[in-house]
Amino acid sequence: MSTHLTPLNVTECLVAPIGELGELAGLNTKAAYNWASGSAWREAGDIPHRALRNIHKHAQKNGIPLSLRHLVYGADWHEIAQLVEGMGKTMPAKLRNRLKPCAASDMAAE
């Protein structure tokens with residue numbers, strides 16, 4: 001199983017849940033849900049450029065360790081898990097459970 005996260009996955013882990021990303025990007029509340037699917041202009045999980053720039057600005061302003069590399073290429077699950085842990089957060093359940101075996105401590109967190 002691949003441990004690569006898309007830019008959208010990384011952003012959900014480090015910045016905010018998908019339901020909040022549209023507004024952070026300066027768009028409507030549902031916009032980020034469309035990024036999960038591909039289009040004629042981008043691959044599934046890629047973030048449109050204007051939104052990407054706004055999300056990166058928000059991350060910089062708030063001390064979130066989201067890099068431009070993360071926003072363009074995504075990242076390995078393990079790299080992002082370490083950053084999330086360093087922020088005192090937990091991985092979103094849909095990514096935590098999909099990419100590694102569930103531990104008893106993970107189940108208790110839900």
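Which residues of α6 are buried?

## Helix α6

In this predicted model, the buried residues of α6 are Trp77, Ile80, Ala81 and Val84. Their arc around the axis is only 105°, so they sit on the same side of α6. An α-helix has 3.6 residues a turn, so residues three or four places apart point the same way. Gln82 and Gly86 are exposed on the other side of α6.

## Ends of α6

At the N-terminal end, α6 is capped by Asp76, which has a side-chain oxygen 3.0 Å from the backbone nitrogen of His78. Just after α6 comes Gly88, with a positive phi of about 80°.

## Salt bridges

Side chains of opposite charge can pair when their charged atoms come close. The structure has two salt bridges.

One of them joins Glu79 and Arg69, with 2.7 Å between the closest N and O atoms. This pair links distant parts of the chain: Glu79 belongs to helix α6 (residues 77-86) and Arg69 to helix α5 (residues 68-73), 10 residues apart. Glu79 counts as partly exposed because its relative accessibility is 26%. Arg69 is also partly exposed, at a relative accessible area of 42%.

Lys94 and Glu12 also form a salt bridge, and their closest N and O atoms are 2.8 Å apart. Here too the pair links distant parts of the chain, with Lys94 in helix α7 (residues 93-99) and Glu12 in helix α1 (residues 7-14), 82 residues apart. Glu12 has 8% relative accessibility and therefore counts as buried, whereas Lys94 is partly exposed, with a relative accessible area of 48%.

Note on methods: Residues numbered from 1 in each chain as written. Predicted model: local features only at pLDDT ≥ 70, side-chain atom pairs only at ≥ 80, totals over all residues. Heavy atoms only, no water. Salt bridge = Lys/Arg side-chain N within 4 Å of Asp/Glu carboxyl O. Helix = DSSP H or I, 4+ residues; strand = E, 2+ residues; numbered from the N terminus. Buried < 20%, exposed > 50% of the residue type's maximum accessible area, 1.4 Å probe, protein only. Arc of directions from axis to C-beta. Polar contact = N/O pair within 3.5 Å; in protein donor to acceptor, adjacent residues only side chain to side chain.
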